[in-house]
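I have opened a notebook on this structure for a reader who is new to it. The entries below record what I looked up, topic by topic.

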Amino acid sequence: MNVVLDVVPMRSILLCTTPVVLCLSFAPALAQQAISTPILASAQNFRDLAGISASNGGTGFADTTSNNGVMRTGVFYRSNVLNLNPADLATISTLHIGLDIDLRTPAEYTATPDVVPIGTILIHDNIYSTSNVPSTLSVTSPATAVDYMLSGYQNFVTNSTQRTGFYTALIDLANATGAALYHCSGGKDRTGWTSVILQSIAGVSPTTIMNDYLATDRYTAASIKSSLVSTYNNAGGGPAGAYAAATQAPTLEARRSYLQAALDQVIVSYGSMSAYLIQGLLLSQADIYVLRAKMVDYLTLPGQSGFVGNAASGAAFLNALQNSPLSGHYTAYNYYLQSAIDAGTLGGVQAQVGGQVHADAASYLLRQPMWIDAAITPYTSGRDLGVGQTRIWLAALGDYFGSDGRAGVASSTEQSAGSVVGATYRIDDRASANFGIGENWGAVGSAGATAYVDTVLATIGGRYGFSSLEAGPFVAARANAGWVDYQSKRDLGGGLGVAQGNTNGAAYSGRADLGDVIRLAPFTVTLQGGLRVAHVDLGSFNERGSDLALGVNGINHTSSSALADLEIDLDPKQLGDWTIAPAVTLGYELALGNPQVESTGSLYGFTVSQYSAYNSHYLMKAGLGVTAQHQAFTVKAGVNAAVGDGAQSSGINAQLSVGYRF
């Protein structure tokens with residue numbers, strides 16, 4: 001049983017259809033698709049708006065559009081009256097057409113009702129808003145028939161009632177959730193002008209639009225011939241029959257002059273087709289963008305072929321989402337993308353959509369142990385403690401680190417501050433142990449986004465001197481473990497809103513060193529080399545707040561570095577009740593694998609990957625420190641700088657700590 005609705009209830013029903021149905025009309029048009037619309041014997045002018053079959057004068061493929069677009073097949077169909085026979089009804093049922101818009105008057109559809117598949121929604125959008133078609137009493141000759149047709153096409157543009165009818169049909173098509181069909185009696189005039197409007201919105205060339213309009217004569221050639229023969233015979237044949245047929249012919253045929261009359265009227269009345277759409281039909285820009293997205297798949301987006309790196313990945317993601325439920329519907333994504341196509345630029349969104357900040361935050365966590373080590377190392381050796389003595393200490397640290405942008409990857413910045421409280425115990429002449437707990441607060445920024453990373457950490461380590469802790473060879477080891485609270489906020493730009501998300505995770509690191517303490521009075525030189533392994537494990541999470549909020553996959557990454565450090569301490573000098581001892585440190589870290597971190601996210605089954613801005617294979621480090629001691633009380637201050645290769649990463653870290661020996 002068919003469903004017949006008027007216009008207003010139609011809106012709510014179409015908008016409530018499930019997202020699964022939304023996808024039916026969005027098969028990717030990665031290249032021009034062949035026109036394979038079935039030929040219907042009982043509806044000869046039934047065809048796909050996307051293009052004309054080769055047998056009817058077309059290319060046989062979907063039409064191309066401006067801005068490197070291709071018409072999608074299987075979205076909008078046009079036809080003459082659907083007086084379908086059983087075989088054609090079975091055939092059209094395979095096309096899953098969910099909406100049939102009948103543009104005819106009540107007299108027409110009452111005389112010949114539509115025959116449509118079960119479940120297809122049938123609505124009546126009467127273009128003329130009258131009970132029957134405009135009177136043909138003035139048509140008494142071939143010339144007056146042509147005048148009648150020319151006037152009718154001009155009225156499509158000038159008549160406010162008819163403009164309202166076309167607007168209604170277009171809005172119904174915009175709100176369709178699957179394939180849709182529209183038609184009048186012959187599929188030529190009301191249907192033809194509706195098609196011209198849609199093809200103009202799509203960006204089909206004027207030549208192709210005209211050829212598509214004229215193709216009605218090919219599709220309905222047999223029907224036209226039959227009607228003219230019938231008119232000839234009904235008029236008694238001979239000269240009278242020929243004149244009657246010649247008078248009728250202009251009303252049956254699609255003539256170039258008819259469509260041109262309407263197109264010329266658009267220019268006279270509105271100045272352009274674009275103005276006619278907005279000022280004449282009262283379509284909003286959002287309406288136009290929804291219709292265009294339904295009809296057109298853009299093979300490449302503005303500038304896409306020139307992007308590299310994260311920007312290329314982001315642009316490809318934006319492109320792929322044309323074939324998601326976000327496209328061809330009233331969404332922020334649809335409006336953004338269509339406006340970007342008109343503007344000829346993606347406006348930087350390609351660099352922001354992929355979530356680079358997640359990769360940058362994970363990269364920051366992997367380098368966090370470097371700064372933690374710099375803050376607590378001055379207290380962990382135990383060299384200045386007596387056997388059995390303990391020092392408790394509090395180390396505060398703050399740092400800034402940045403990596404320049406390059407090749408489609410946005411620059412990143414990192415700022416953090418934290419503190420660690422701990423204790424170091426001198427076990428005997430050769431060994432010491434240390435442990436500490438603390439918290440580090442970090443903010444990572446890149447590609448218009450900020451991630452806040454709060455780490456609660458614990459550290460434990462020890463040192464063993466083969467002869468003593470004060471001099472000679474030694475081995476040392478340290479392990480850090482942290483619980484991570486992660487929150488991100490990404491301003492996507494382009495009117496796409498702000499995507500926010502949060503998750504938890506863990507960060508671990510361990511290092512082992514072999515070194516030597518060499519006494520060269522008045523200096524003490526410490527040389528050591530080692531290995532650091534760091535691991536980050538951030539849980540997956542779903543962002544919210546934007547059409548393009550991602551389902552962010554978990555990040556599980558391990559990095560390892562070879563370490564070389566040199567520390568030169570000057571013997572303490574007495575300054576009043578205090579002793580002062582300056583120190584210089586130099587260091588080198590070499591990444592033993594790819595230093596970049598990758599993050600991935602997905603939306604509607606499409607995946608986007610991003611890489612961290614940090615891509616330095618080595619870091620050169622230098623620092624200055626000073627220790628001031630008064631009896632059992634110690635104050636240490638230091639500053640360290642690091643410079644990397646490749647991505648031109650650099651940063652600075654400062655520490656201030658206090659300790660008490662007992």
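**Entry 1: the sheet.** In what order do the four strands of the open sheet follow one another, and is the pairing parallel or antiparallel? I found the order S17-S18-S22-S23, with antiparallel pairing. I note that this is a predicted model, in which local features need pLDDT of at least 70 and side-chain atom pairs count only at pLDDT 80 or more, while totals for chains, interfaces and linings use all residues. Residues are numbered from 1 along each chain as its sequence is written, and side-chain values use heavy atoms, with hydrogens and water left out.

For the names, I took helices (H or I, at least four residues) and strands (E, at least two) as DSSP runs, numbered from the N terminus. Two strands pair if DSSP finds at least two bridges between them.

I then looked up the edges: strand S17 (541-542) and strand S23 (606-611) each pair on one side only. S17 is joined to strand S18 (residues 551-552) by two bridges in the antiparallel sense. Phe541 has Val552 in S18 as its bridge partner.

**Entry 2: helices on the sheet.** Helix H15 (residues 309-320) packs on the sheet and touches strand S22 (598-603) and S23; contact means heavy atoms within 4.5 Å. The direction of H15 makes about 165° with that of S23. Axes are lines fitted to C-alpha atoms, for helices over the stretch in contact, and angles run from 0 to 180 degrees between N-to-C directions. Helix H18 (residues 356-380) lies across S17, S18, S22 and S23, and runs at about 45° to S23.

**Entry 3: a helix pair.** At what angle do helix H8 (residues 206-214) and helix H12 (residues 256-270) pack? I found about 130°, with the axes 10 Å apart. H8 is therefore oblique to H12, since angles under 35 degrees count as roughly parallel, over 145 as roughly antiparallel, 65 to 115 as roughly perpendicular and the rest as oblique. Where they meet, Ile209, Met210, Tyr213 and Leu214 belong to H8, and Arg256, Tyr258, Leu259 and Gln260 to H12.

**Entry 4: Ile209.** I returned to this residue of helix H8. Is Ile209 buried or exposed? Ile209 counts as buried because its relative accessibility is 8%; buried means under 20% relative accessible area, exposed over 50%, and partly exposed in between (1.4 Å probe, protein chains only). Not counting residues up to four places away in sequence, Ile209 touches Val196, Gln199, Ser200, Val204 and Leu259. The C-alpha atoms of Ile209 and Val196 are separated by 6.4 Å, at 13 residues apart along the chain.

**Entry 5: nonpolar cores.** A nonpolar core is a set of buried Ala, Val, Leu, Ile, Met, Phe, Trp, Tyr and Cys residues joined through side-chain atoms within 4.5 Å. The largest has 95 residues, of which Phe76, Trp193, Met295 and Leu548 touch the most other members. A second, separate core of 15 residues includes Tyr379, Trp393, Val420 and Leu619.

**Entry 6: the backbone in loops.** Pro522 lies in the loop between strand S15 (498-520) and strand S16 (523-538). The peptide bond from Ala521 to Pro522 is cis, with omega near 10°. Asn67, in the loop between strand S3 (64-65) and strand S4 (69-71), is not a glycine, yet has a positive phi near 60°. Asn67 is partly exposed, at a relative accessible area of 42%. Tyr604, in the loop between S22 and S23, has a positive phi near 50° and is partly exposed at 47%.
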